[in-house]
Amino acid sequence: MHVEYAIVGGGIVGLATGLALLQQGVRSLAILEAEPRVAAHQTGHNSGVIHSGVYYRPGSLKAQLCTAGREALYAFCAEEGIAHERCGKLIVATQASERGQLALLAERATANRLSPVVLAGEQLAEYEPHVAGVAGLWIAETGIVAYNQVAAAYARRLCAAGGELRTGWRLAAVRRQPRQLTLISATEETVTCGHLITCAGLQADRVARRCGVEPGVRIVPFRGEYYELAPEARPLGKALIYPVPNLNFPFLGVHFTRKIGGAIEAGPNAVLAFHREGYTKSRLAARDLFDIFGYAGFWKLARRYWQTGLGEFYRSASRAAFWRALRVLVPAVELAHLQPAGAGVRAQALGPDGQLVDDFSIVSGYRMTHVLNAPSPAATASLSIGQHIAQLAVADR
C-alpha cells in the first residue's frame, strides 16, 4: 500500500491529524495503530474533562490550541450526538497562602479569553455547597465528555472521508528512500508514504529514534490512580472541584470530576510508573525501568522533587492518605465513600536537564513530523492540534 501520508498512532491526536489532512485535500492517508483498537492508551484512560485553558501560560501553544480546540470539540460533539456537558469547575483555595496563585490563575483565565468569576469564601456554597475554602475561582467553560466516544467518531469520519485505518500494525523499522519512506511492521508488512507523522504517545521517543530522529527528550510514565465515590456520596459534588495547583508541575492535584452518566471520580495522584503501560501497581518492564533510572534527566528531577514524589507514592499506597487530601476540599467525604476505580498513564517528556516539558513539542526529520509531547489538554484541543500538526507536515513535504 502506498499513501501520501501515514500516521503512526491511533489515539485522539493521530485521528484528529488524519481528519485535518483529509480536510486539506490529501488524497490518500493511513492511520497505523499498534493496538487492536484505537484510543487504547492515554485517550481511553482519560479523565473526561474538557479543559478550559485556565492554567496555561498566555501565548503558549497549549493556551492557543486549547481555546480553539475546546469550542471545536463542543461543536463536534453536538453534531455527532455525543453526550457532553459544559458543567463548569470550581478551583478552591483552602488556605490564605493560596490566594496569590488563585489571583494569577484569574489573570491567566482572562488573558486566555475565559470569563472567570472570583469568589470569596462565603460565596463558594452557591456553586458547590459541600466545599470548604477561603476563596475560589469559577470557570464556566469547563466540561465533560467520554473521549473514547469522541475518538470513535473521529475514526468513523476519517474512514468515511477515504482514510484507511489499520489496527494491530506495530512499526518496527523505517527505510528512507529518495522520494518516499517504507514503513515495516513487526509482522513485516510494508506501507510506503510520502510523509510520515508519528503521534505515538507513550512510545513517542522510541518511535522517533526508530525513524532515525533523536528526540532530545525521554518519555517518563506517570500513573494517575482514581477512586470513585459511592453512589450515596455523589451529591457532594455538583460539577468539578479542583485545588489550587502548583504551577511548577503539569499535574493538578487530586480533585473531584463528575463523569457523563453521573458518577464522580476522585483523583488522580501522579506516581512514577514502572511500565509505560503500567495501569496497575504491579506491572513493570525491565526496559522501561532502565529508561527511567538510566536517564540523567530523571535523577536531576528526582533531586529537586524527591519529597513530592515520595508523597505521591504514599498516597498511592494509602487509601486513608488519599482520602485526607480529598477532604481538604470536601470535608463531608468519608473514607468508606472511596471505591477503587481505574488508572491512566501520562506520557511525560523529560529533558536531559531534568525539566518537565510543559508545552507541546513537535520536531521534523526527513519526510517526517514527530509529536514528542502532547500533554493535557491534548484531548480537549485535539481538533486544533490536528490542524496544527497537519499544517506543519504539509509545509515540510
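**Close-up views of a predicted model**

Among contacts between residues at least 6 apart in sequence, 73% join residues at least 24 apart in the chain. The structure shown is a predicted model, and the legends below describe selected parts of it.

**Figure 1. Overall view of the chain, with nine helices and 20 strands.** The radius of gyration is 21 Å, close to the 21 Å that the globule rule gives for 397 residues, so the chain is as compact as a globular protein of that length. Along its principal axes, the C-alpha trace spans about 65 × 45 × 35 Å. Of the 397 residues, 55% count as buried. The chain exposes about 16100 Å², and carbon and sulfur atoms supply 53% of that area.

**Figure 2. The second largest pocket, which holds about 240 Å³ of space.** The pocket is lined by 18 residues, of which G44, N46, S47, G48 and K259 are the closest to its centre. At least two lining residues come from each of β8 (143-145), α4 (147-160) and β18 (338-350). By residue class, the lining divides into seven nonpolar, eight polar and three charged residues.

**Figure 3. D205 in helix α5, which covers residues 204-210.** D205 has a relative accessibility of 1% and counts as buried, because buried means under 20%. Leaving aside residues up to four places away in sequence, D205 touches P215, V217, R218, I219 and R276. A146 is 59 residues from D205 in sequence, and the C-alpha atoms of the two are 27 Å apart in space.

**Figure 4. Two cis peptide bonds, one from G267 to P268 and one from S376 to P377.** Most peptide bonds are trans. The bond from G267 to P268 has omega near 0°, and P268 lies in the loop between β16 (264-267) and β17 (271-272). For the bond from S376 to P377, omega is near 20°. P377 is placed in the loop between β20 (368-373) and α9 (382-396).

**Figure 5. A39, a residue with positive phi in the loop between β2 and β3.** Most residues other than glycine have a negative phi. A39 is not a glycine, yet its phi is positive, at about 60°. The loop that holds A39 runs between β2 (29-33) and β3 (49-50). With a relative accessible area of 9%, A39 is buried, because this value falls under 20%.

**Figure 6. R113, a residue with positive phi in the loop between α3 and β6.** Phi of R113 is near 65°, and R113 is a residue other than glycine. R113 has a relative accessible area of 64% and is exposed, because exposed means over 50%.

**Figure 7. Q123 in the loop between β6 and β7.** The strands on either side of this loop are β6 (117-120) and β7 (135-139). Q123 has a relative accessible area of 30%. L158 is 35 residues from Q123 along the chain, and the C-alpha atoms of the two are separated by 46 Å.

Definitions and conventions:
Residues numbered from 1 in each chain as written. Predicted model: local features only at pLDDT ≥ 70, side-chain atom pairs only at ≥ 80, totals over all residues. Heavy atoms only, no water. 1 Å grid on protein atoms, 1.4 Å probe; cavity = no way out; pocket = protein on both sides within 12 Å on 5 of 7 lines; lining within 4 Å. Points joined across faces, edges and corners; volume = space filled by probe spheres on them. Helix = DSSP H or I, 4+ residues; strand = E, 2+ residues; numbered from the N terminus. Nonpolar A, V, L, I, M, F, W, Y, C, P; charged D, E, K, R; others polar. Rg over C-alpha atoms; globule rule 2.2 N^0.38 Å. Buried < 20%, exposed > 50% of the residue type's maximum accessible area, 1.4 Å probe, protein only. Contact = heavy atoms within 4.5 Å. Areas by Shrake-Rupley, 256 points an atom, 1.4 Å probe, with all protein chains shown as cover.
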